[in-house]
Amino acid sequence: MAALRAHFEALGFSNVETFTASGNVIFEAASRDSAALHRKIEAHLAKSLGHEVSTFVRTDAEVAAIACYRPFTEKKLESALAFNVLFLAEPMDAATSHSVQNFNTDIDSFHVHGREVYWLCRKKQSESTFSNNAFEKALKLRATFRGMNTIKKLAAKYPPG
């Protein structure tokens, strides 16, 4: 995580911190253009590491909104064993968004909202046929997912300024 932090500091970002050992990086930047920051970070990491690294930039306000968003009923949330959010770089078009519903099973439910896909898993994730790799392959999109508990902790530690 120290090496990852150093890459972000090399880009001129300030107050760089990593959050858990999952690749979450918190930083301050002069630019408020998320798309430009996304491109800048990906280009730097690809050049420095020698391979493509997908990044998904969210502001503190966006993380807080994601943590508060409720795409499923409280009853469904309480009975689930896992609640995750898939992060995308851009919102999906209508056809791709609709095709996410093809992943629904007796175990898994999905909800698309903006640049996120909310995934509710009623059993252990290991019992699900869904995976980040399956999602990326089927929809030809890059994504990463985080557990909602991690997102809530992130939102609590770094509330919107």
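Trainee: What order do the elements run in from the N terminus on?

Mentor: It's α-β-β-α-α-α-β-α-β-β-α-β-α in this predicted model. That comes to 7 helices and 6 strands.

Trainee: What makes strand 1 and strand 2 a pair?

Mentor: Pairing takes at least two bridges. Strand 1 (residues 14-19) and strand 2 (residues 24-28) have 4 bridges and run antiparallel, so they pass that cut-off.

Trainee: Why does the radius of gyration of the protein agree with a compact globule?

Mentor: A compact globule of 161 residues would come out near 15 Å, and the protein has 16 Å, so the two agree. The C-alpha trace spans about 45 × 30 × 30 Å along its principal axes.

Trainee: Which residues of helix 7 are buried?

Mentor: Met-148, Ile-151, Leu-154 and Ala-155 are, because each falls under 20% relative accessible area.

Trainee: And how do you know they're on the same side of helix 7?

Mentor: They cover an arc of only 120 degrees around the axis, so they share a side. In general, an α-helix has 3.6 residues a turn, so residues three or four places apart point the same way. Turned away from the buried side of helix 7 are the exposed Asn-149, Lys-153 and Ala-156.

Trainee: What do the buried residues of helix 7 pack against?

Mentor: Several elements, including strand 1, strand 2 and helix 3 (60-68).

Conventions:
Residues numbered from 1 in each chain as written. Predicted model: local features only at pLDDT ≥ 70, side-chain atom pairs only at ≥ 80, totals over all residues. Heavy atoms only, no water. Helix = DSSP H or I, 4+ residues; strand = E, 2+ residues; numbered from the N terminus. Buried < 20%, exposed > 50% of the residue type's maximum accessible area, 1.4 Å probe, protein only. Arc of directions from axis to C-beta. Contact = heavy atoms within 4.5 Å. Rg over C-alpha atoms; globule rule 2.2 N^0.38 Å.
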